[in-house]
Amino acid sequence: MRNWAFGCFFLMLGGFLACESKIKTKEVESITGRKAVVYQVFTRLFGNTNTTNKPWGTIEENGVGKFSDFTETALSEIKNLGVTHIWYTGIPHHAVINDYTEFGISNDDPDVVKGRAGSPYAVKDYYNVNPDLADNPANRLQEFKDLVERTHKTGMKVLIDIVPNHVARNYKGLTNPEGVLDFGAQDDTSLEYHVNNNFYYVMGEEFKVPHWKDGYQPLGGNTHVLSDGKFEEIPAKWTGNGSRLAQPDFNDWYETVKVNYGVRPDGTKDFKELPNEYAEKSYQEHYVFWQDKKIPDSWIKFRDIALYWLDFGVDGFRFDMAEMVPVEFWSYMNSSIKMNNPDAFLLAEVYNPELYRDYIHKGKMDYLYDKVELYDSIKHIMKGYGWTDHIPVVQKGMADIEHNMLHFLENHDEQRITSPDFAGKAELAKPAMVVSATISTSPTMIYFGQEVGEPGAEDAGFGSPTRTSIFDYIGVPHHQRWMNNKKFDGALLSEKEKELRDFYKRLLNFTISSEALMGEYEEIHFFNKDNSENYDHRVLSYVRWSPNQKLIILSNFEEGKTYNFELKVPERLIQTWNLKDGNYILSEKLYGKEPLQLMVQKGMGRINVEIQPLESLILQVEP
């Protein structure tokens, strides 16, 4: 085993406290720096130029993208969009329906694989990468390492997935480091549960493939030597979403098995719980806490996986379904990661707002998805029936953790904005994207193709349109037009698509350069709703400021209405900004429109505003 001993832990008490003060300074610096922008890209789809798009098509029929498609030109264009981090989705080797036996890789059974290309969240080998993505599968780890190095050379950081809650049913590591055993290799399968078993078992029963529903057949009914309605697993394991049935339901995560973290079947814990005061303690103190504790084997396995990829050059992780894993594990895992790399970017999928603060403070997550609060609120507004009044309420409720709540309008789990089941038009995202990107100090994330209005309309096989498929080999048409046969110059985009991408580029580049967006926030929406004629619940306004930059941000969510009103800036803000009576120039930072004027009279600020349909104004107060 490696010796994971790091800095502060081995210092005497005085030295440890000195290290603590540095950490606190570093945390302040990170929040007063610049915003991060994450570009999520589904790696196997990015570089695919094949336009066949046959449902359930093979890799030969529909094509697949490769690591090598992320050329220096492609990466430079992504960076120039205003991106600081790339989340390469689907990197760890997951179950796929493709024959790689000549490389020592066992074939996967379509009865326990979703789609033909497989779910990236049914990981088969954590110490290697998806062979589909390599020009030479035998050299796939080196090809990914080369991609990491190219990404770093371009000036961006690399994130990959870790899926701690479950693994593929057919897990088999081929390139484990010396001394590392596979999940389940030492399990006592005569027991439903043991603290050091990696899986839970259904005693006395064999696994049975689900009953297929709604006319579903693996591979769309295409023949395959292993597609026989059977998969040998004796005894059956619990399924990834927690189903304890030997024959899970079709809607269960039947392609995966749940990992045991030392939580007994009755829900009690077989490990030391983290004292409440650790919510206020540093990751160094969390690291120290676990040094003399008995640690379940699954915790150690996932810690070592994370440290392996950090050593490989990866800069951070997106943790899948983190709330399904005990917060104590995250304290152990993330403190170990931060001791190795204090700047590691740790993003988690947590959907229960009641758990947010525990997973941030006790679990030492940097960022969580802000889906249930901001995303869901903005989606309703984009669809036409939500009110902007709800957004300031959300932000007030999140004030203590706003920096930790990553904002997005698309990701691989959500419907594409342009799909008819969501907004139906890419332009409806413009005001929403401005709000999402500028209302807090949190990072912003976009999903590849979002910037050109990708609608996710393809019938790829497993699943249905509105989300770009993560299960099958498919081409992504709007994105392919931007790729322009791997020239990555956007020459094939329509004028509307070019304009949309230009909007994203302007906005994201402003966000990563703005000091004020890492500073203070105050809503002026309700003040104007009460005091400004013609201002209503389809408009939103707020201010952001820092010592050297003062911003007034307005967005019009209405597709068919131009608003004319006198926007008012309350006296308390004028006093905070130390503005005397007089007139101030407001430069417009998003579109470069003609400047407006802020008139301060008797301590109140007033701006005569005309804001076009779906337009946003980012107004900077000039000295």
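Author: Helices (H or I, at least four residues) and strands (E, at least two) are DSSP runs, numbered from the N terminus. By that definition, the protein has 16 helices and 22 strands. The model is predicted: local features need pLDDT of at least 70, side-chain atom pairs count only at pLDDT 80 or more, and totals for chains, interfaces and linings use all residues. Residues are numbered from 1 along each chain as its sequence is written, and side-chain values use heavy atoms, with hydrogens and water left out.

Reader: How many of the 623 residues count as buried?

Author: A residue is buried under 20% relative accessible area, exposed over 50%, and partly exposed in between (1.4 Å probe, protein chains only). By these limits, 60% of the 623 residues count as buried.

Reader: Why is strand S22 called largely enclosed by the rest of the structure?

Author: Strand S22 covers residues 616–621, and six of its six residues are buried, so the strand is largely enclosed. In a regular strand the side chains alternate between the two faces of the sheet. In S22, Ser616, Ile618 and Gln620 point one way, while Leu617, Leu619 and Val621 point the other way, and all are buried.

Reader: How do you know that strands S17 and S22 pair, and in which sense do they run?

Author: Two strands pair if DSSP finds at least two bridges between them. Five bridges join strand S17 (residues 549–556) to S22, and the two run antiparallel. Within this pairing, Ile553 has Ile618 of S22 as its bridge partner. Strand S19 (residues 582–588) also pairs with S22 in the antiparallel sense, over three bridges. There, Ser587 stands opposite Gln620 in S22.

Reader: Is Tyr521 buried or partly exposed?

Author: Tyr521, in strand S15 (residues 520–523), has a relative accessible area of 26% and is therefore partly exposed.

Reader: Which residues does Tyr521 touch?

Author: Contact means heavy atoms within 4.5 Å. Not counting residues up to four places away in sequence, Tyr521 touches Pro392, Gln395, Ile439, Tyr542, Val543, Arg544 and Trp545. Tyr521 and Ile439 are 82 residues apart in sequence, yet 7.3 Å apart in space, C-alpha to C-alpha.

Reader: Why is Met321 called buried?

Author: The relative accessibility of Met321 is 14%, so this residue counts as buried. Met321 lies in the loop between strand S10 (316–319) and helix H8 (327–340). Its phi is near 45°, a positive value in a residue other than glycine.

Reader: Why does Thr466 count as buried?

Author: Thr466 has 9% relative accessibility and therefore counts as buried. Thr466 is in the loop between strand S14 (444–447) and helix H13 (477–483), and its phi, near 100°, is positive in a residue other than glycine.

Reader: What kind of peptide bond joins Ile234 and Pro235?

Author: The bond is cis, with omega about -10°. Pro235 is placed in the loop between strand S7 (201–202) and strand S8 (236–237).
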